[in-house]
Amino acid sequence: MQQVTPRITINGVEVDFIQCQYKLPGILSAASLDFTLPLDIAGTESLWNKEVTLYIDKGDSKPVFRGWINRTKKTLNNISIFAEDALGYMIRGGAESTAEVKLDEQDNLDGLTPGAAIIKLINLAKLTDKVGTDFIGDTNPIVGSVQKTPIRGTKKVMDVIKTLLQKPIYLADQDLPRINIAKLVDDGSKSQLVIELEADLENTNISKVYTEEHNIVNLNIIERKIPNYIVVNGNNNVKGTFSHDGAITALDRNYLTVTNNNLESPAECVEFGARLYQANISNRYEYGIQVTEGLYLSENEVIRIETDNPKFSGNYRVVGKSINFGDTITLGITINRKPPTLAEYISSRDN
């Protein structure tokens with residue numbers, strides 16, 4: 001493992017921690033930091049909502065985590081502190097409430113592109129002190145009015161963001177569809193929300209190569225269930241169903257329902273379903289791995305796995321990671337080739 005000296009600050013003041021665990025689930029889920037301080041260092045003042053940063057190494061200019069304390073637990077000698085990042089605030093709105101907005105005829109997102117709509121949404125929810133939008137950009141492709149039916153009513157912020165990201169689907173050159181994702185990056189003083197096109201596994205620079213001989217400590221390979229009965233909803237109530245009878249006979253039905261408003265006919269819906277099936281068949285393995293390198297990997301970067309079995313080898317996107325800092329440092333990353341089922345954002349699945 002790379003030699004580093006991690007650093008934690010509370011409201012900008014460095015603290016001597018006993019141990020800590022950083023978790024990044026990815027896919028628009030809140031990252032968290034769970035750490036322990038000696039009680040005499042923590043003091044007696046309230047720590048709730050104080051800003052916490054974690055730097056992987058003391059010389060780093062940008063933290064790997066920036067968040068706010070929302071839970072503490074004291075023992076006779078120590079205090080355990082739990083903090084979540086800005087996505088946690090977007091999901092919960094601070095404390096245990098839910099971040100919501102009321103969209104009506106006066107305050108709404110009508111006619112805006114997804115990037116512009118998310119900026120306005122964050123302003124309406126009064127989350128600008130936690131979430132920056134200076135670098136948010138926009139989806140690829142950029143679409144105009146993102147809602148055929150205007151969004152109205154009291155809505156959860158994260159639900160609206162997922163709705164805004166579901167329409168633009170990248171289909172250039174007849175490639176398999178790729179979705180747009182949103183994630184946080186840190187500019188050194190604030191967490192910034194950015195929109196990215198999901199990484200192309202075949203045409204993106206490889207950030208790290210992992211082998212069982214050199215930098216993989218433990219490897220867990222999971223073969224996912226493949227959807228073989230896929231219902232695709234298109235525009236204006238158009239619908240088509242793709243099913244693979246041979247796979248259904250051999251493995252039983254596994255359902256997937258997706259929505260793609262770019263599709264205008266039942267035939268297009270069926271063809272889209274067939275492409276989703278083939279993508280899943282080709283990329284049905286996912287990994288949870290403990291490794292000795294990659295502390296600075298971020299969500300949506302591409303790494304390569306090389307094993308003796310060629311069916312497991314290939315390029316994978318980083319989905320999330322966890323780092324434990326204690327007497328030793330351990331690093332786990334979650335990776336997959338996540339076929340374009342759009343499941344995280346817009347599908348419903350029955351297993």
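Glu-293 is partly exposed at 33% relative accessibility, a class that lies between buried (under 20% relative accessible area) and exposed (over 50%), computed with a 1.4 Å probe on protein chains only. Glu-293 forms a salt bridge with Lys-208, with closest N and O atoms 3.8 Å apart; a salt bridge here is a side-chain nitrogen of Lys or Arg within 4 Å of a carboxyl oxygen of Asp or Glu. The model is predicted, so local features need pLDDT of at least 70 and side-chain atom pairs count only at pLDDT 80 or more, while totals for chains, interfaces and linings use all residues. Residues are numbered from 1 along each chain as its sequence is written, and side-chain values use heavy atoms, with hydrogens and water left out.

**Salt bridges**

- The structure holds 10 salt bridges.
- Lys-208, partly exposed at 26% relative accessibility, forms its salt bridge with Glu-293 at 3.8 Å. Lys-208 lies in strand 13 (residues 206-211) and Glu-293 in the loop between strand 18 (285-291) and strand 19 (302-306), so this pair ties together parts that are 85 residues apart in sequence. Helices (H or I, at least four residues) and strands (E, at least two) are DSSP runs, numbered from the N terminus.
- Salt bridges that share partners also join Glu-51, Arg-66 and Asp-186 into one network.
- The side chains of Arg-152 and Glu-105 form a salt bridge at 2.9 Å, N to O. Arg-152 is in the loop between helix 3 (114-124) and strand 9 (153-156), and Glu-105 is in the loop between strand 8 (100-103) and helix 3, so the pair ties together parts that are 47 residues apart in sequence. Arg-152 is partly exposed at 23%, whereas Glu-105 is exposed at 66%.
- Lys-183 and Glu-196 form a salt bridge, their closest N and O atoms being 3.3 Å apart. Lys-183 belongs to strand 11 (residues 178-186) and Glu-196 to strand 12 (residues 191-197), so the pair ties together parts that are 13 residues apart in sequence. Lys-183 is buried at 8%, and Glu-196 is partly exposed at 26%.

**A buried arginine without a salt bridge**

- Arg-7 is found in strand 1 (residues 7-10).
- Arg-7 is buried yet has no salt bridge, and the nearest side chain of opposite charge, Glu-14, is 4.4 Å away. For charge, Lys and Arg count as positive and Asp and Glu as negative, with His and the chain ends not counted.
- Leaving aside residues up to four places away in sequence, Arg-7 touches Glu-14, Thr-53, Leu-54, Tyr-55, Lys-58 and Asp-60, contact meaning heavy atoms within 4.5 Å.

**Strands 15 and 16**

- Strand 15 (residues 229-233) and strand 16 run antiparallel and are joined by five bridges; two strands pair if DSSP finds at least two bridges between them.
- Val-232 has Gly-240 of strand 16 as its bridge partner.
- Five residues separate the two strands of this hairpin, in which Asn-236 takes a positive phi near 55°.

**Helix 4**

- Helix 4 (residues 157-166) has Val-157, Met-158, Val-160, Ile-161, Leu-164 and Leu-165 as its buried residues.
- Seen down the axis, these residues fall within an arc of 160°, so they line one face of the helix; the arc is that of the directions from the helix axis to the C-beta atoms.

**Cysteines**

- The disulfide count is zero, a disulfide being a pair of cysteine sulfur atoms within 2.5 Å.
- Cys-20 is buried at 5% relative accessibility, and Cys-269 is buried at 0%.
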